Amino acid sequence: MSKEELYKKSYFNRIGELNDLVPDVFKAFMNFDRLALAEGKLTKKLKELIAIAVAHTTGCPYCIELHVKQGKSKDISKEEMSEAIMVATALKAGSALAHGVNALNAYDQNEDEELYKASYFNRIKEFSKLNGEVFKSFVDFDGKAMKESTLSVKEKELIAVAVAHTTGCPYCIADHTKRAKRANATKEELAESIMVATALKAGSALAHSVNALNAYDS
């Protein structure tokens, strides 16, 4: 193996070696992953769209490859895939912007011991004065990414909730959970979307183990 080749499709074939190295834990994860992606309140197709979006948030090339192929087998169109990716893009960028309210608090030497409060999010509009053109451009992008198109608002908000749990942004979790509820998503549907995110975030660590095996054996 060339030390320069850190990612190749064929490397993913080594994932099965973990079944020999840590069989009980590996099998437990695989069972969890199977259940998380199985048809439930959400369709298998929507779960694969969520998985694709989250895979673009974790940046795992193996996960992207796997779930795009699995999604295509469930009749996900290229347009639907692209919309899911744009939701992930909006949420990943949006989490950075949302955390900007914490930066404003730190800059202004806010003495409050609590680092996260729902009310802090109200400071987000201050960026329209501090960096107006860029802020307005992002808001426009975010609005278009979340607008109903090939995917419904409900589907996009369920994807957004999953991605928000991947970025770990409490402001985004609260905002998009409320938006999903307004779009008639049930608590069970929200829970399933979160479980897909959990499986994909953990799965990205597992998938990268093939790189660890390569490094160990080199």
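**Figure 1. Where helix α5 meets helix α8.** In this close-up, M86, V87, T89, A90, L91, A93, G94 and L97 of α5 are in contact with F135, F138, F141, D142, A145 and M146 of α8. Sorted by class, the residues of this contact are 11 nonpolar, two polar and one charged. Please keep in mind as you look around that this is a predicted model.

**Figure 2. The crossing of α5 and α8.** Here we step back to the axes of the pair. Helix α8 covers residues 132–146, and its axis comes within 9 Å of the axis of α5, with a crossing angle of roughly 145°. The hand of the α5 and α8 crossing is left-handed.

**Figure 3. Helix α5 and its buried residues.** Helix α5 runs over residues 78–98. Which residues of α5 are buried? They are E80, M81, E83, A84, I85, V87, A88, A90, L91, G94, S95 and A98. These buried residues pack against α3 (44–58), α4, α6 (100–107), α8, α9 (153–167) and α10.

Figure 4. D75 is not a glycine, yet its phi is positive, near 70°. For comparison, most residues other than glycine have a negative phi. Is D75 buried or exposed? Its relative accessibility is 61%, and because exposed means over 50%, D75 counts as exposed.

Figure 5. N184 counts as exposed because its relative accessibility is 61%.

**Figure 6. The two annotated spans.** For this last view we turn to the record. An unreviewed UniProt entry lists "domain: Carboxymuconolactone decarboxylase-like" for residues 23–105 and for residues 133–214. In the model, residues 23–105 are 84% helix and 0% strand, and the C-alpha atoms at the ends of this span are 47 Å apart. Residues 133–214 are 84% helix and 0% strand, with 46 Å between the end C-alpha atoms.

Conventions:
Residues are numbered from 1 along each chain as its sequence is written. This is a predicted model: local features need pLDDT of at least 70, side-chain atom pairs count only at pLDDT 80 or more; totals for chains, interfaces and linings use all residues. Side-chain values use heavy atoms; hydrogens and water are left out. UniProt positions are given in the numbering used here, feature names are shortened, and annotations may be inferred rather than shown by experiment. Helices (H or I, at least four residues) and strands (E, at least two) are DSSP runs, numbered from the N terminus. Buried means under 20% relative accessible area, exposed over 50%, partly exposed in between (1.4 Å probe, protein chains only). Axes are lines fitted to C-alpha atoms, for helices over the stretch in contact, and angles run from 0 to 180 degrees between N-to-C directions. A crossing is left-handed if the near helix is turned anticlockwise from the far one by less than a right angle, and right-handed if clockwise. Contact means heavy atoms within 4.5 Å. Ala, Val, Leu, Ile, Met, Phe, Trp, Tyr, Cys and Pro count as nonpolar, Asp, Glu, Lys and Arg as charged, and the others, Gly among them, as polar.
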